[in-house]
Amino acid sequence: MATISTRSLIQLCQRVGTSLRAGIDVRKVWEMETRHASGTLKLELDRIRLRVAQGDPVFEAMKTAGGYFPPMFVQMVEVGEQTGKLDEVLLRLAEHYEHQAQMRRSFWFGIAWPLFELAFAVLIIGFLIFILGVVSGMRGGEPVDVLGIGLVGTRGAILWFTGCGILAGGVAWLALAISRGWLGPKPMLIAMRIPLLGQCLESLALARLTWSLAMSLDSEMSARRAVELSIRAAQNPYYEAALRRVTDGIRQNMQFHESFRLAGVFPDEFLHALEAAELAGATHEALLRLAALYEDKSRTAMRMLTGIATVAVMLLVFGVLIFAIFMLAWQVYLKPIYETLDMIESGRI
(Lines give C-alpha, C1' and ligand atoms only; values in the text may rest on other atoms or scores of the structure.)
Protein backbone atom coordinates (compact mmCIF):
# COMPACT_ATOMS: atom_id res chain seq x y z
CA MET A 1 0.00 0.00 0.00
CA ALA A 2 1.37 3.41 -0.98
CA THR A 3 1.89 6.04 1.70
CA ILE A 4 1.81 9.79 1.44
CA SER A 5 5.20 11.43 0.98
CA THR A 6 6.57 13.62 3.76
CA ARG A 7 6.64 16.64 1.47
CA SER A 8 2.99 16.18 0.48
CA LEU A 9 2.01 15.65 4.11
CA ILE A 10 3.76 18.86 5.21
CA GLN A 11 2.05 20.87 2.48
CA LEU A 12 -1.32 19.30 3.28
CA CYS A 13 -0.98 20.19 6.97
CA GLN A 14 0.01 23.76 6.15
CA ARG A 15 -2.80 24.37 3.67
CA VAL A 16 -5.61 22.76 5.66
CA GLY A 17 -4.42 24.25 8.96
CA THR A 18 -4.21 27.75 7.46
CA SER A 19 -7.64 27.42 5.81
CA LEU A 20 -9.31 26.23 9.00
CA ARG A 21 -7.67 29.01 11.00
CA ALA A 22 -9.04 31.51 8.49
CA GLY A 23 -12.55 30.23 9.22
CA ILE A 24 -13.21 28.39 5.94
CA ASP A 25 -15.83 25.67 6.25
CA VAL A 26 -14.24 22.25 6.70
CA ARG A 27 -16.26 20.76 3.82
CA LYS A 28 -15.05 23.51 1.50
CA VAL A 29 -11.47 22.93 2.64
CA TRP A 30 -11.46 19.24 1.69
CA GLU A 31 -13.28 19.97 -1.54
CA MET A 32 -10.50 22.39 -2.55
CA GLU A 33 -7.80 19.92 -1.53
CA THR A 34 -9.40 17.15 -3.60
CA ARG A 35 -9.77 19.38 -6.65
CA HIS A 36 -6.08 20.35 -6.72
CA ALA A 37 -4.61 16.94 -5.84
CA SER A 38 -3.63 14.15 -8.21
CA GLY A 39 -2.92 10.42 -8.20
CA THR A 40 -3.40 8.38 -5.03
CA LEU A 41 -3.54 11.52 -2.89
CA LYS A 42 -6.58 12.73 -4.85
CA LEU A 43 -8.37 9.42 -4.28
CA GLU A 44 -7.72 9.47 -0.53
CA LEU A 45 -8.67 13.15 -0.17
CA ASP A 46 -11.87 12.53 -2.10
CA ARG A 47 -12.70 9.77 0.36
CA ILE A 48 -12.19 12.22 3.22
CA ARG A 49 -14.30 14.83 1.41
CA LEU A 50 -17.22 12.44 1.05
CA ARG A 51 -17.06 11.30 4.69
CA VAL A 52 -16.82 14.89 5.97
CA ALA A 53 -19.79 15.90 3.79
CA GLN A 54 -21.76 13.14 5.52
CA GLY A 55 -20.85 14.59 8.91
CA ASP A 56 -18.17 12.04 9.85
CA PRO A 57 -14.95 13.08 11.63
CA VAL A 58 -11.86 13.53 9.48
CA PHE A 59 -9.80 11.05 11.49
CA GLU A 60 -12.39 8.31 10.92
CA ALA A 61 -12.06 8.80 7.17
CA MET A 62 -8.26 8.72 7.45
CA LYS A 63 -8.37 5.43 9.34
CA THR A 64 -10.05 3.79 6.34
CA ALA A 65 -7.18 4.82 4.05
CA GLY A 66 -5.32 1.56 4.72
CA GLY A 67 -2.18 3.12 6.15
CA TYR A 68 -1.83 5.87 3.54
CA PHE A 69 -1.54 8.44 6.33
CA PRO A 70 1.00 7.93 9.17
CA PRO A 71 -0.53 6.56 12.41
CA MET A 72 0.71 9.51 14.45
CA PHE A 73 -0.82 11.95 11.97
CA VAL A 74 -4.22 10.25 12.24
CA GLN A 75 -4.00 10.14 16.04
CA MET A 76 -3.12 13.82 16.28
CA VAL A 77 -5.93 14.76 13.88
CA GLU A 78 -8.24 12.90 16.28
CA VAL A 79 -6.82 14.94 19.16
CA GLY A 80 -7.34 18.13 17.18
CA GLU A 81 -10.95 17.32 16.34
CA GLN A 82 -11.82 16.27 19.87
CA THR A 83 -10.23 19.40 21.33
CA GLY A 84 -11.62 21.77 18.70
CA LYS A 85 -8.09 22.83 17.74
CA LEU A 86 -7.59 20.99 14.47
CA ASP A 87 -6.05 24.05 12.82
CA GLU A 88 -3.44 24.40 15.56
CA VAL A 89 -2.70 20.68 15.53
CA LEU A 90 -2.23 20.59 11.74
CA LEU A 91 0.09 23.60 11.71
CA ARG A 92 2.06 22.08 14.56
CA LEU A 93 2.22 18.77 12.68
CA ALA A 94 3.60 20.62 9.65
CA GLU A 95 6.40 21.96 11.86
CA HIS A 96 6.97 18.50 13.33
CA TYR A 97 7.28 16.73 9.98
CA GLU A 98 9.43 19.53 8.58
CA HIS A 99 11.68 19.16 11.61
CA GLN A 100 11.93 15.42 11.01
CA ALA A 101 12.62 15.95 7.30
CA GLN A 102 15.39 18.44 8.08
CA MET A 103 17.02 16.00 10.49
CA ARG A 104 16.85 13.20 7.91
CA ARG A 105 18.31 15.45 5.23
CA SER A 106 21.12 16.54 7.55
CA PHE A 107 21.86 12.94 8.51
CA TRP A 108 21.97 11.61 4.94
CA PHE A 109 23.87 14.63 3.70
CA GLY A 110 26.44 14.08 6.44
CA ILE A 111 27.04 10.42 5.61
CA ALA A 112 26.44 10.61 1.83
CA TRP A 113 30.12 10.87 0.89
CA PRO A 114 31.31 8.10 3.26
CA LEU A 115 28.53 5.84 1.93
CA PHE A 116 29.64 6.62 -1.62
CA GLU A 117 33.20 5.70 -0.66
CA LEU A 118 31.95 2.46 0.89
CA ALA A 119 29.95 1.57 -2.23
CA PHE A 120 32.98 2.41 -4.40
CA ALA A 121 35.21 0.20 -2.23
CA VAL A 122 32.73 -2.69 -2.56
CA LEU A 123 32.68 -2.14 -6.34
CA ILE A 124 36.47 -2.08 -6.61
CA ILE A 125 36.88 -5.25 -4.56
CA GLY A 126 34.26 -7.04 -6.66
CA PHE A 127 36.02 -5.87 -9.83
CA LEU A 128 39.37 -7.18 -8.55
CA ILE A 129 37.81 -10.54 -7.65
CA PHE A 130 36.47 -10.83 -11.18
CA ILE A 131 39.51 -9.53 -13.10
CA LEU A 132 42.19 -11.43 -11.14
CA GLY A 133 40.17 -14.62 -11.40
CA VAL A 134 39.79 -14.24 -15.16
CA VAL A 135 43.46 -13.31 -15.72
CA SER A 136 44.68 -16.22 -13.59
CA GLY A 137 42.43 -18.61 -15.50
CA MET A 138 43.73 -17.36 -18.86
CA ARG A 139 47.32 -17.91 -17.76
CA GLY A 140 46.53 -21.31 -16.35
CA GLY A 141 47.79 -20.34 -12.92
CA GLU A 142 46.25 -20.55 -9.48
CA PRO A 143 43.34 -18.08 -9.04
CA VAL A 144 44.14 -15.06 -6.88
CA ASP A 145 41.89 -14.98 -3.81
CA VAL A 146 41.75 -11.25 -3.00
CA LEU A 147 39.95 -11.62 0.35
CA GLY A 148 41.26 -15.06 1.27
CA ILE A 149 37.76 -16.52 1.64
CA GLY A 150 37.47 -18.40 -1.66
CA LEU A 151 35.85 -15.70 -3.79
CA VAL A 152 37.48 -15.81 -7.21
CA GLY A 153 36.40 -15.12 -10.78
CA THR A 154 32.88 -14.45 -12.01
CA ARG A 155 31.21 -16.65 -9.41
CA GLY A 156 33.20 -15.00 -6.62
CA ALA A 157 32.24 -11.50 -7.79
CA ILE A 158 28.55 -12.47 -7.95
CA LEU A 159 28.70 -13.92 -4.44
CA TRP A 160 30.52 -10.81 -3.18
CA PHE A 161 27.95 -8.37 -4.56
CA THR A 162 25.05 -10.58 -3.47
CA GLY A 163 26.42 -10.86 0.06
CA CYS A 164 26.97 -7.11 0.36
CA GLY A 165 23.47 -6.45 -0.97
CA ILE A 166 21.89 -8.88 1.50
CA LEU A 167 23.87 -7.34 4.36
CA ALA A 168 22.83 -3.78 3.43
CA GLY A 169 19.21 -4.84 2.98
CA GLY A 170 19.25 -6.70 6.29
CA VAL A 171 20.54 -3.64 8.15
CA ALA A 172 17.88 -1.42 6.53
CA TRP A 173 15.10 -3.92 7.33
CA LEU A 174 16.27 -4.27 10.93
CA ALA A 175 16.22 -0.50 11.45
CA LEU A 176 12.71 -0.30 9.98
CA ALA A 177 11.48 -3.28 12.02
CA ILE A 178 12.77 -1.79 15.27
CA SER A 179 11.22 1.61 14.56
CA ARG A 180 7.85 0.07 13.62
CA GLY A 181 7.82 -2.32 16.57
CA TRP A 182 7.62 -5.47 14.43
CA LEU A 183 10.08 -7.22 16.74
CA GLY A 184 8.41 -6.11 19.95
CA PRO A 185 9.61 -3.49 22.47
CA LYS A 186 12.92 -5.10 23.47
CA PRO A 187 14.94 -4.10 20.36
CA MET A 188 13.83 -0.49 20.83
CA LEU A 189 14.89 -0.69 24.48
CA ILE A 190 18.33 -1.88 23.38
CA ALA A 191 18.54 0.91 20.79
CA MET A 192 17.56 3.50 23.41
CA ARG A 193 20.42 2.37 25.62
CA ILE A 194 23.01 3.10 22.92
CA PRO A 195 24.70 6.46 23.67
CA LEU A 196 23.47 9.36 21.49
CA LEU A 197 21.17 7.12 19.44
CA GLY A 198 19.13 6.41 22.56
CA GLN A 199 19.05 10.10 23.48
CA CYS A 200 17.81 10.99 20.01
CA LEU A 201 15.08 8.32 19.99
CA GLU A 202 13.99 9.21 23.53
CA SER A 203 13.86 12.95 22.83
CA LEU A 204 11.86 12.51 19.62
CA ALA A 205 9.35 10.21 21.32
CA LEU A 206 8.94 12.41 24.40
CA ALA A 207 8.56 15.54 22.26
CA ARG A 208 5.61 13.92 20.49
CA LEU A 209 4.20 12.51 23.73
CA THR A 210 4.36 15.75 25.73
CA TRP A 211 2.91 17.87 22.93
CA SER A 212 0.06 15.42 22.35
CA LEU A 213 -0.64 15.21 26.08
CA ALA A 214 -0.66 19.01 26.36
CA MET A 215 -3.20 19.31 23.55
CA SER A 216 -5.34 16.49 24.94
CA LEU A 217 -5.43 17.85 28.47
CA ASP A 218 -6.49 21.27 27.17
CA SER A 219 -9.84 19.80 26.20
CA GLU A 220 -12.77 17.93 27.64
CA MET A 221 -11.17 14.60 26.78
CA SER A 222 -11.01 12.06 29.60
CA ALA A 223 -7.66 11.57 31.31
CA ARG A 224 -7.45 7.95 30.24
CA ARG A 225 -8.13 8.78 26.59
CA ALA A 226 -5.62 11.63 26.69
CA VAL A 227 -2.92 9.30 27.99
CA GLU A 228 -3.71 6.63 25.41
CA LEU A 229 -3.50 9.08 22.51
CA SER A 230 -0.32 10.73 23.75
CA ILE A 231 1.56 7.46 24.31
CA ARG A 232 0.53 6.13 20.90
CA ALA A 233 1.52 9.43 19.33
CA ALA A 234 5.05 8.92 20.72
CA GLN A 235 5.50 6.14 18.11
CA ASN A 236 7.88 4.26 20.37
CA PRO A 237 7.20 0.51 20.81
CA TYR A 238 8.95 0.51 24.19
CA TYR A 239 6.64 3.20 25.56
CA GLU A 240 3.56 1.72 23.89
CA ALA A 241 4.21 -1.59 25.65
CA ALA A 242 3.78 0.27 28.98
CA LEU A 243 0.43 1.83 27.99
CA ARG A 244 -1.68 -0.53 30.06
CA ARG A 245 0.32 0.16 33.23
CA VAL A 246 -0.13 3.90 32.81
CA THR A 247 -3.86 3.63 32.18
CA ASP A 248 -4.18 1.33 35.20
CA GLY A 249 -2.79 4.15 37.30
CA ILE A 250 -5.32 6.56 35.80
CA ARG A 251 -8.14 4.13 36.64
CA GLN A 252 -6.93 4.13 40.25
CA ASN A 253 -7.30 7.95 40.30
CA MET A 254 -3.55 8.51 40.46
CA GLN A 255 -2.09 11.76 39.20
CA PHE A 256 -0.46 11.76 35.77
CA HIS A 257 3.12 11.72 37.04
CA GLU A 258 2.29 8.86 39.40
CA SER A 259 0.69 6.85 36.59
CA PHE A 260 3.63 7.40 34.24
CA ARG A 261 6.04 6.52 37.03
CA LEU A 262 4.11 3.28 37.59
CA ALA A 263 5.08 2.17 34.08
CA GLY A 264 8.76 2.19 35.03
CA VAL A 265 9.99 3.16 31.54
CA PHE A 266 9.87 6.95 31.43
CA PRO A 267 12.94 9.06 32.37
CA ASP A 268 13.08 10.88 35.71
CA GLU A 269 13.46 14.24 33.97
CA PHE A 270 10.10 13.82 32.28
CA LEU A 271 8.42 12.59 35.47
CA HIS A 272 9.79 15.45 37.58
CA ALA A 273 8.69 18.04 35.02
CA LEU A 274 5.21 16.51 34.86
CA GLU A 275 4.93 16.44 38.65
CA ALA A 276 6.00 20.07 38.94
CA ALA A 277 3.49 21.07 36.25
CA GLU A 278 0.64 19.30 38.04
CA LEU A 279 1.52 20.85 41.37
CA ALA A 280 1.64 24.31 39.78
CA GLY A 281 -1.67 23.75 38.00
CA ALA A 282 -0.16 24.75 34.64
CA THR A 283 0.15 21.37 32.97
CA HIS A 284 -0.71 22.52 29.44
CA GLU A 285 1.85 25.34 29.28
CA ALA A 286 4.55 23.31 31.03
CA LEU A 287 4.13 20.36 28.69
CA LEU A 288 4.37 22.60 25.62
CA ARG A 289 7.64 24.03 26.95
CA LEU A 290 8.87 20.53 27.72
CA ALA A 291 8.01 19.39 24.17
CA ALA A 292 10.07 22.26 22.74
CA LEU A 293 12.95 21.32 25.04
CA TYR A 294 12.90 17.70 23.86
CA GLU A 295 12.84 18.82 20.22
CA ASP A 296 15.96 20.91 20.82
CA LYS A 297 17.63 17.96 22.50
CA SER A 298 16.74 15.68 19.60
CA ARG A 299 18.30 18.14 17.13
CA THR A 300 21.53 18.24 19.13
CA ALA A 301 21.61 14.46 19.48
CA MET A 302 20.96 13.98 15.76
CA ARG A 303 23.85 16.29 14.84
CA MET A 304 26.19 14.34 17.08
CA LEU A 305 24.81 11.04 15.78
CA THR A 306 25.43 12.16 12.21
CA GLY A 307 29.05 12.95 13.04
CA ILE A 308 29.58 9.58 14.70
CA ALA A 309 27.91 7.73 11.82
CA THR A 310 30.12 9.60 9.34
CA VAL A 311 33.29 8.63 11.20
CA ALA A 312 32.09 5.02 11.62
CA VAL A 313 31.39 4.60 7.91
CA MET A 314 34.74 6.14 6.99
CA LEU A 315 36.55 3.79 9.36
CA LEU A 316 34.67 0.88 7.81
CA VAL A 317 35.76 2.01 4.34
CA PHE A 318 39.39 2.32 5.43
CA GLY A 319 39.25 -1.06 7.14
CA VAL A 320 37.82 -2.83 4.08
CA LEU A 321 40.35 -1.20 1.74
CA ILE A 322 43.34 -1.88 4.00
CA PHE A 323 42.28 -5.51 4.43
CA ALA A 324 41.81 -5.94 0.67
CA ILE A 325 45.20 -4.32 -0.10
CA PHE A 326 46.94 -6.49 2.48
CA MET A 327 45.32 -9.69 1.14
CA LEU A 328 46.14 -8.72 -2.44
CA ALA A 329 49.77 -8.02 -1.52
CA TRP A 330 49.91 -11.34 0.32
CA GLN A 331 48.46 -13.35 -2.57
CA VAL A 332 50.40 -11.66 -5.38
CA TYR A 333 53.73 -10.78 -3.76
CA LEU A 334 54.37 -12.01 -0.24
CA LYS A 335 52.93 -15.52 -0.51
CA PRO A 336 55.09 -16.53 -3.55
CA ILE A 337 58.21 -15.18 -1.80
CA TYR A 338 57.35 -17.06 1.39
CA GLU A 339 56.72 -20.29 -0.53
CA THR A 340 60.02 -19.90 -2.46
CA LEU A 341 61.99 -19.35 0.76
CA ASP A 342 60.28 -22.33 2.34
CA MET A 343 61.24 -24.52 -0.60
CA ILE A 344 64.86 -23.30 -0.41
CA GLU A 345 65.07 -24.09 3.31
CA SER A 346 63.60 -27.53 2.79
CA GLY A 347 66.12 -28.26 0.01
CA ARG A 348 63.51 -28.67 -2.72
CA ILE A 349 65.29 -25.99 -4.80
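**Asking how we know: helices and salt bridges**

Colleague: Which residues of α3 are buried?

Modeller: In α3 they are Leu41, Glu44, Leu45, Ile48 and Val52. Buried means under 20% relative accessible area, exposed over 50%, and partly exposed in between (1.4 Å probe, protein chains only). This is a predicted model, where local features need pLDDT of at least 70 and side-chain atom pairs 80 or more, while totals for chains, interfaces and linings use all residues. Residues are numbered from 1 along each chain as its sequence is written, and side-chain values use heavy atoms, leaving out hydrogens and water.

Colleague: Why do the buried residues of α3 line one face of the helix?

Modeller: Look down the axis of α3: its buried residues fall within an arc of 95°, so they line one face. The arc is taken from the directions from the helix axis to the C-beta atoms. On the face turned away from that buried side sit the exposed residues Gly39 and Leu43.

Colleague: What makes α3 a helix of the expected reach?

Modeller: Helix α3 covers residues 39-53, which is 15 residues. Helices here are DSSP runs of H or I with at least four residues, numbered from the N terminus. From first to last C-alpha, α3 reaches 21 Å, close to the 21 Å expected at 1.5 Å a residue; the expected span is 1.5 Å times one less than the number of residues.

Colleague: Why is the meeting of Arg49 and Asp46 called a salt bridge?

Modeller: Their side chains meet at 2.7 Å, N to O. A salt bridge needs a side-chain nitrogen of Lys or Arg within 4 Å of a carboxyl oxygen of Asp or Glu, so this pair qualifies. Both residues lie in α3, three residues apart, about one turn of the helix.

Colleague: What does the salt bridge of Glu78 and Arg225 link?

Modeller: In this salt bridge the closest N and O atoms are 2.3 Å apart. The pair links distant parts of the chain, Glu78 in α5 (residues 71-83) and Arg225 in α10 (residues 223-233), 147 residues apart.

Colleague: Is Glu78 buried or exposed?

Modeller: The relative accessible area of Glu78 is 4%, so Glu78 is buried. Arg225 has 27%, so Arg225 counts as partly exposed.

Conventions. Helices (H or I, at least four residues) and strands (E, at least two) are DSSP runs, numbered from the N terminus.
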